[in-house]
Number of protein chains: 2
Amino acid sequence: MLSNSSKYALTAVLFLAANTDEHQKKMVKDLSISTGIPKAYLAKLLQQLSKHQIISATKGPKGGYYLTDDNRNLPVFSLIEVIDGTHRMETCVLGIEECNAERPCPLHDHVYPARRAFLDTLKKMTIGELSRDLKNGSSFLTAQQ
Amino acid sequence: MLSNSSKYALTAVLFLAANTDEHQKKMVKDLSISTGIPKAYLAKLLQQLSKHQIISATKGPKGGYYLTDDNRNLPVFSLIEVIDGTHRMETCVLGIEECNAERPCPLHDHVYPARRAFLDTLKKMTIGELSRDLKNGSSFLTAQQ
DNA sequence: GATAAAGTATGATAAATATCATATTTCGGA
DNA sequence: TCCGAAATATGATATTTATCATACTTTATC
């Protein structure tokens, strides 16, 4: 469903959402340690996201990555769009390009409603909203210590 | 969700379900043409499925692949299990190994019900059942001619 | 039984994805 | 104003996945 890259990206961004702001930034190294995502790989992902203004960054000492309120108000899907593009999420389960409601594949009707609901969630829900549970301790990004 | 390989495999098997039996077999070459799946790649997939008795085959002239009633009564999931293994379908959207209802990732509650429903469908529904729509013309594996 | 038509087994190549490395740019602080 | 700490840009390597090729085995038919 999601590529490995966007799993990593989303994990890191949710971590940023819960743990940073304009005055509290995190550098790649620390993010890598906190999330368990390989540092250099994570760095590339964050660069892409930063270039597309999904997340914010400042260079130099005391710099790092962080999320502004604007960033937090972006739908989760916008991040996935940058990393995976839009096609991957919307394509047929069997990979049949012409599959649609009028000419469905054998799995279409069994999958489409659930997939639609998931996509809608990703498009409606913002990064900030999704990170709320994380902040108040009712969801988690890492294993228990 | 499904790997490319199991998409191909499922497509081919559904085609077999709708178009073969003990007396009407299909050889790889024709399957490849009908489904648009690369011949040599498809051959490998069918060999795996045949070895695990998900589909049936006879060698030699007049031979080919086909489905028996026993094959048709297998749940769709059994095929995916052979090709992708069981882990891929059941793992967390964010790839967090320890994610579960008690300690959910931020997406868990938004995804889990839909995923559960899809998995249940794959485990309950048989290959024969899923191919029924194909036979009566209400679902399709290929583009319109 | 010889022949040819099929699947079977195995391995090689190609493409995509994940991962690592390194040089460059920007910027805060002594 | 210079040094070092950070992101940024770019490219190299490794791993996985997809694809192709080829030699081998089985079996129906003549």
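Select H2(B) and H3(B): H2(B) passes H3(B) in a right-handed crossing. A crossing is right-handed if the near helix is turned clockwise from the far one by less than a right angle, and left-handed if anticlockwise. Helices here are DSSP runs of H or I with at least four residues, strands are runs of E with at least two, and both are numbered from the N terminus. This is a predicted model, in which local features need pLDDT of at least 70 and side-chain atom pairs count only at pLDDT 80 or more, while totals for chains, interfaces and linings use all residues. Residues are numbered from 1 along each chain as its sequence is written, and chains are lettered from A and ligands numbered from 1 in the order in which they are written.

Stay on the helix pair. Two packed helices are described by the angle between their axes and the distance between the axes. Helix H2 (residues 28-35) of chain B and H3(B) have axes that come within 9 Å and cross at roughly 115 degrees. The axes are lines fitted to C-alpha atoms, for helices over the stretch in contact, with angles from 0 to 180 degrees between N-to-C directions. Now show side chains: on H2(B), Val28(B), Lys29(B), Leu31(B) and Ser32(B) meet Lys39(B), Leu42(B), Ala43(B) and Leu46(B) of H3(B). Contact requires C-beta atoms, placed from the backbone, within 7 Å. By class, this contact of H2(B) with H3(B) has five nonpolar, one polar and two charged residues. Nonpolar covers Ala, Val, Leu, Ile, Met, Phe, Trp, Tyr, Cys and Pro; charged covers Asp, Glu, Lys and Arg; the others, Gly among them, are polar.

**DNA strand C**

Select DNA strand C and the residues near it, that is, those whose C-beta atom, placed from the backbone, lies within 6 Å. There are 27 such residues, the closest being Asn4(A), Pro38(A), Ala40(A), Gly60(A) and Met27(B). Helix H1 (4-19) and H3 of chain A, with H3 and strand S2 (64-66) of chain B, each give two or more residues to this surface. H3(B) gives the most, with six residues. The surface near DNA strand C divides into 11 nonpolar, nine polar and seven charged residues.

**DNA strand D**

Move to DNA strand D. It is surrounded by 26 residues, and the closest are Met27(A), Asn4(B), Pro38(B), Ala40(B) and Gly60(B). Two or more residues come from each of helix H3 (39-51) and strand S2 (64-66) of chain A and from each of helix H1 (4-19) and helix H3 (39-51) of chain B. H3(A) makes up the largest share of the surface near DNA strand D, six residues. By class there are 11 nonpolar, nine polar and six charged residues near DNA strand D.

**Between the chains**

Colour by chain. In the interface, 32 residues of chain B are in contact with 32 residues of chain A. On the chain B side, H1, helix H7 (108-124) and helix H8 (127-135) each supply at least two residues. H7(B) gives the most, with seven residues. The side of chain B that touches chain A has 19 nonpolar, nine polar and four charged residues.

How are the copies related? Chain B superposes on chain A by a rotation of 180 degrees with 0.0 Å of shift along its axis (RMSD 0.0 Å). The two copies are thus related as by a two-fold rotation axis. The superposition is by least squares on the C-alpha atoms of residues with pLDDT of at least 70 in both copies. Because 100% of the interface residues of chain B are also interface residues in chain A, the copies meet through the same surface.

**Chain A and Thr20(A)**

Chain A has eight helices and two strands, and from the N terminus on its elements run α-α-α-β-β-α-α-α-α-α. Next, pick Thr20(A), in the loop between H1 and helix H2 (28-35) of chain A. Is Thr20(A) buried or exposed? Thr20(A) counts as buried, because it has 20 C-beta neighbours inside 10 Å. The cut-offs are 20 or more other C-beta atoms, placed from the backbone, within 10 Å for buried, 12 or fewer for exposed, and partly exposed in between. Leaving out residues up to four places away in sequence, Thr20(A) touches Lys25(A), Lys26(A), Tyr66(A) and Leu67(A).

**Lys62 in both chains**

Finish at Lys62(A), in the loop between strand S1 (56-58) and S2 of chain A. Most residues other than glycine have a negative phi. Lys62(A) has a positive phi of about 65 degrees although it is not a glycine. Lys62(A) is exposed, with 7 other C-beta atoms within 10 Å. Bring back chain B and select Lys62(B), which also has a positive phi of about 65 degrees. Lys62(B) counts as exposed, with 8 C-beta neighbours inside 10 Å.

Definitions and conventions:
Two residues are in contact if their C-beta atoms, placed from the backbone, lie within 7 Å.
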